[in-house]
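Subject: Structure for your files

Hello,

Here is the structure I said I would pass on. My notes come after it.

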Amino acid sequence: MKTAIFNLLAIWIFAMASTGNSEPHTLKGKVMDEAGQPLIGVSIQVKGSKEGAVTDVNGEFSLQTRKRCETLVFSYTGYEIQEVKKICEGDFVKVTMVQSNAQLSEVVITGYSKKLQKEMRQYDMAGAPATQGIISNRMYTEPIDNFNTEDYDHINENRFFKAKETPLSTFSIDVDAASYSNLRRFIQNGQMPPADAVRIEEMVNYFDYEYPQPKGEQPFEVVTELQKCPWNDQHNLLLIGLQGKKIPVDNLPPSNLVFLIDVSGSMQAMNKLPLVKSSMKLLVDQLRPQDRVAMVVYAGAAGLVLPSTSGKDKQKIREAIDNLEAGGSTAGAAGIKLAYQVARENFAKQGNNRVIVATDGDFNVGTSSDGELVQLIEKERESGVFLTVLGYGMSNYKDNKMQKLADSGNGNHYYIDNISEGKKVLVNEFGGTLFTIAKDVKIQIEFNPAQVQGYRLIGYENRLLNKEDFNDDKKDAGELGSGHRVTALYEIIPVGVESPFFSSVDDLKYQKTEVVKSAGKTSEIATVKLRYKAPDGDKSKLIEKAIEGETSSKASENLRFAAAVAEFGMLLRNSEFKGNSTYASAAKLAKNALGKDENGYRAELVRMIESTGALQEPQTADK
């Protein structure tokens with residue numbers, strides 16, 4: 001008996017010693033899709049246990065396990081679950097996931113009518129844990145068109161002006177890129193975007209251009225280029241580019257950020273709150289110890305769910321994000337007031353103070369009209385707190401409201417249609433999205449009527465200013481972030497070219513417009529002026545540059561690609577100024593100007609143009 005007890009005790013002691021002395025093992029690898037692109041947020045779990053990890057922004061993972069070799073299970077929304085056996089410490093495994101052919105399944109959404117619940121569908125989750133909040137790059141369906149309540153402000157497309165009668169063109173810069181990712185969502189869902197959803201300046205400014213970095217104390221460099229217009233060989237195309245100074249992340253001032261997250265019932269869809277949570281986690285990974293984050297949520301009421309917390313306490317911030325759930329109506333104004341209050345209470349002098357709103361814009365409780373919300377934001381911006389608006393979802397997406405909030409709050413506006421777009425905005429362009437280097441940036445062009453008969457600004461319809469606004473420092477305008485680029489295009493009708501865009505007007509009775517003699521003796525076609533303020537400044541500074549009238553022998557990749565994007569935009573809008581544009585010519589122009597394209601954004605545009613053309617141009621031919 002004693003011998004048996006002794007043997008059992010010896011076995012127990014040996015087992016305890018083995019467990020206590022065993023060191024954890026680390027398994028590493030990378031997960032990609034079939035095209036070789038990294039997948040962000042893939043769930044990895046040790047088979048038969050609760051041990052797990054999630055891939056980072058590069059698709060890589062590091063997982064601590066009790067055994068040296070394990071069988072791992074990989075799951076991701078919209079992809080087949082994969083089981084990989086015997087992955088051992090010291091290996092760096094590469095896993096390629098295959099998209100699933102999962103059927104659409106009905107999902108009951110709390111807060112919607114039974115009839116609408118039957119119309120709400122989304123892709124089956126293919127085994128990915130809901131608690132991870134992981135969203136794939138595949139598109140999700142929402143209510144059918146009968147329930148579509150998306151809102152867009154009407155765009156009155158810019159027309160041609162005679163340089164002799166209207167020599168000045170004045171507008172605010174725009175670094176927003178929401179329109180491009182939003183129309184991409186439509187096209188990838190097999191739909192043509194509404195014409196008013198197509199803002200050509202935001203399409204053009206979605207992409208990077210190879211502009212030189214500024215020198216000296218100026219926060220940006222001004223670039224100009226003149227070339228023949230691709231869709232009308234009788235006209236010229238003028239490019240004006242601004243390149244913001246890129247500040248290394250380590251040198252950026254400390255941030256005081258307040259996440260303002262919509263958790264109302266309208267945010268329950270997989271491409272809304274779950275995608276918000278995944279996007280926010282990407283941003284948390286970029287925070288430094290000197291940065292601080294607070295979190296305010298709003299549904300029927302607003303509340304503070306995370307007090308201002310140091311960026312070094314990332315786990316605490318992630319847990320607050322994981323705990324978010326959707327339900328209720330949307331008291332957006334109450335949330336905005338509370339978020340700005342928290343930002344003011346934790347204001348960082350000489351730092352970056354910003355509220356980041358994540359919503360579909362469907363405010364329906366309390367102050368909800370566009371005018372009232374704009375007044376609220378305009379009042380709050382006086383505190384020195386900037387605004388970033390991140391739009392999510394479809395079918396009830398309020399684009400017009402998002403635009404007004406961002407424009408009124410010294411801010412920027414992005415539309416996040418998938419996790420890759422979240423990475424672009426919150427990781428790749430982290431500095432430009434969140435750190436302002438110049439505010440109230442205005443551009444005014446004076447055209448030389450001796451060289452230019454007429455001109456048309458392509459896009460920027462909702463950014464136009466009166467000529468008097470240029471010198472008025474009280475007039476609000478757009479902001480430029482660290483490393484951001486802004487591109488504007490003018491279509492120009494040279495003197496002597498017959499144009500159908502101009503009609504005759506009777507001579508004036510009381511005054512005459514005459515061109516000064518010196519205008520005909522210069523090769524300058526225009527002079528560009530820019531005004532801007534420091535982020536904490538009240539008085540603007542002036543930059544001025546003359547533009548020569550000779551076209552270059554060969555257009556740069558910058559101009560060719562920007563022209564291709566503009567051509568695509570005019571086709572989507574069915575613009576009366578599209579000239580000889582076709583989807584084929586736009587795709588060819590873009591394809592021959594891909595440049596470095598490290599992230600594949602330009603190649604994606606080419607595919608979009610070609611697929612849209614394949615759908616549209618045969619229909620045109622049949623008419």
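Residues are numbered from 1 along each chain as its sequence is written, and side-chain values use heavy atoms, with hydrogens and water left out.

The mean pLDDT (the predictor's confidence in each residue, from 0 to 100) is 83, and 84% of residues reach 70 or more. Residues 14-21 fall below 50 and have zero contacts (heavy atoms within 4.5 Å) beyond near neighbours in sequence. Where pLDDT is low, the predicted coordinates should not be read in detail.

The whole structure holds 20 aromatic pairs; rings of Phe, Tyr and Trp (its six-membered ring) pair if their centres lie within 6.5 Å, with planes under 30 degrees apart stacked, over 60 edge-to-face and the rest tilted. Tyr-180 and Tyr-206 are a tilted pair, with centres 4.2 Å apart and planes at 35°. Both Tyr-180 and Tyr-206 are buried (under 20% relative accessible area, with exposed over 50%, partly exposed in between, 1.4 Å probe, protein chains only). Tyr-455 and Tyr-490 pair edge-to-face, at 6.1 Å between centres and 65° between planes. Tyr-455 is buried at 2% relative accessibility, and Tyr-490 at 0%.

Helices α5 (residues 273-284) and α10 (residues 419-428) pack at about 35°, axes 9 Å apart (axes are lines fitted to C-alpha atoms over the stretch in contact, and angles run from 0 to 180 degrees between N-to-C directions; helices are DSSP runs, H or I, of at least four residues, numbered from the N terminus).

Regards

Notes. Predicted model: local features only at pLDDT ≥ 70, side-chain atom pairs only at ≥ 80, totals over all residues. Helix = DSSP H or I, 4+ residues; strand = E, 2+ residues; numbered from the N terminus.
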